[in-house]
Amino acid sequence: MNADAVVRARAGRRRRIGTVRLLALVAATGFACWLPFQLEQGEIGLYDRMGLYALVAIGLTLLMGFAGQVSLGQGGFFLIGAYTSGLLTMGLDADTRLVDPEAGIDPLLAVAIAPFVSAAIAVLIGIPLMRLRGHYLAFATLAFALIAWSLLYAQDRFTGGQYGVTVTKRLTVGGHEIIGATHAAVVWGLVGIALLLSTNLVTSRTGRALQAVAANEPAAAASGINVARHKLQLFVFAAALAGLAGGLFSFYAQFLGPEDFGIIVSLLFVVMVSIGGLGSVYGAVVGAVTIVYVEHKLRELGTHETLLGWDLPSTGPSILSLGVFGLLLILIMLFFPHGLLPSLLGGVAAVRRRLHGRPRGDI
Amino acid sequence: MTTFFQLVVVGISTGSVFAIVGMSLVLVYRATGIVNFAQGVFAVLAGLLTYSLGKHMSLPLAAVLATLVTAVVATLVAVVAVGIRGRTTHLASLIITVGIAILAEAVLLAAFGEVPRSYSAVSDRAWDIGGVLVQPQYAVLTVVALAAAVGLTLFLRHTIVGQALVASADSPRAAELIGLNLRSVAVIAFAVAGALTAIGGVLLAPTVPVAYSSGLSITINGFAAAVVGGLASIRLALLGGYALGVVEQLVIGYVDPQYNLIIALVVMLVLIGWRSRGELAV
């Protein structure tokens, strides 16, 4: 077989694997969209939140895995998206405070605008920072998230400050209200699309450049890849996903208050990514689902009067979730820096190899 | 004009704390290459410990004990943050310290509750200088920050341990080749920085009550101060701290108290952006 044929055969095999993967993704997304209609009323909200956070985590894992940069402020982009879409539907009027539903724009349009606002802010922050060492972006994004959060209080005539605001309009598409199970289905459909886009991004020309950047930055730069621009693209993509998730969040909760957007939310996204593995988009979804579920369970646990014989104070839920997530982040980064899930899967594969007696180099 | 000078005086005193934390961050960064996100936690721990211990003993003794305990905690943080040799990258270390900061909030909340704590200052009198009130606590803070800057600079330049700290960050491999133990170096740097930040926290609490969650804003303000010198200069971190403190107070006095953190953060963002012209990654 000449070299050309080998290349063509390889390309064909890659395409076939691509098709199988695509079909699996479509099937999984279909299942994820069907699932909320089978869930009980109380579980739908939790499931919806998993999807929203998964959108944010997918963007962050690409940034952390391929750009070697960590954002401690994805919650800020989530916040911007949520308040952008929520407030746009109410109409902003500086004199009469807000709440003029007639003046607001259509919720669907508002949700569509949200990711662009977050992305624009990411461009502003990202341009000067992408050439710097990781900790600068970490602190800059954290600062941005804190600024956004403080503005909620400083501009309380628009945002309602600590009391928040109720989003009165409902998201409707062609006369159908997107609420409850339908909303969750839409969110998970978007998760599927985000996964597809991300996989394409990773395997495209841009993606190969990104992998080169991740593997060896000076070498990538030497072979003509504009490292800073590629990192910026990832940062903006991640911000846009967070903005989209925030935009949808407005019509999930129909209420916007500062508690849903605190700094801890930004840090939770980092925990989700570290569970799923840096750079693994499917891992990010697993991380989001795990963290939302664990947080929910911890909240239940924390409201008990006593736990294992200890009296729990009223701050129990906070203590439990801060403690567990802090410890989780430390342990994962210490012992499984490439992510908890990939290490576990790697462990399973190693055991299986040993059982079947196959050599290590085998596919 | 009196108002202006009053705000500047208060600004220099709060700025001293930012400077102290900023210099601690610089020390740790120069020795280990790690930006310690949990640095502000040490100030909070020391402040809350002083408050609790102060109920059973004299305040100065409580303050000294609190500082020592915090330095010991800082050595533990060092061991965890440095991580596993050859596996834990600096970015991973940063994320580990983020985890430590989150965990610390839980521990502090469980141990001390959520009420912000304060105790009496070195003196409850104030000097009146041409209408400007200067509390002795402000003077102490400013002097401590200055002394720390001088002390750290001399320590890094003229002592063998200081040189070892700088060397191990400049070239970890070379430092190991000449027999330096990087983990010990990190432990020393974290302990010194932890004790310094603890002193800042002990002196801060009488003027600004500290709560379990204050660590984050202290870390951020300290980082903003340190960024002025690109995380490398003790001197510029000191100046940065003072400047940041004064700017924040002027905003509180003349614009709107709600905007003080926002302005500080915007200043930091601009500074980082400005820094980015000089320093490249990798």
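In the predicted model, Leu267(A), Val270(A) and Ser274(A) of helix 11 of chain A meet Ile95(B), Val98(B) and Ile102(B) of helix 4 of chain B, contact being defined as C-beta atoms, placed from the backbone, within 7 Å. The residues of this contact comprise 5 nonpolar, 1 polar and no charged; Ala, Val, Leu, Ile, Met, Phe, Trp, Tyr, Cys and Pro count as nonpolar, Asp, Glu, Lys and Arg as charged, and the others, Gly among them, as polar. Helix 11 (residues 263-276) of chain A packs against helix 4 (residues 90-112) of chain B at an angle of about 125°, with the axes 11 Å apart. Helix 11 of chain A is therefore oblique to helix 4 of chain B, as angles under 35 degrees count as roughly parallel, over 145 as roughly antiparallel, 65 to 115 as roughly perpendicular and the rest as oblique.

The contact between the chains takes 41 residues from chain A and 39 residues from chain B. On the side of chain B that touches chain A, helix 4 of chain B gives the most, with 14 residues. That side of chain B divides into 29 nonpolar, 6 polar and 4 charged residues.

Within helix 8 (residues 205-215) of chain A, Ala209(A), Leu210(A) and Val213(A) are buried (20 or more other C-beta atoms within 10 Å of a residue's own). They lie on the same side of helix 8 of chain A because they cover an arc of only 100° around the axis.

Residues are numbered from 1 along each chain as its sequence is written, and chains are lettered from A in the order in which they are written. Local features of this predicted model need pLDDT of at least 70, and side-chain atom pairs count only at pLDDT 80 or more, whereas totals for chains, interfaces and linings use all residues.

Key
Axes fitted to C-alpha atoms, helices over the stretch in contact; angles between N-to-C directions. Helix = DSSP H or I, 4+ residues; strand = E, 2+ residues; numbered from the N terminus. Contact = placed C-beta atoms within 7 Å. Buried ≥ 20, exposed ≤ 12 C-beta atoms within 10 Å, placed from the backbone. Arc of directions from axis to C-beta.
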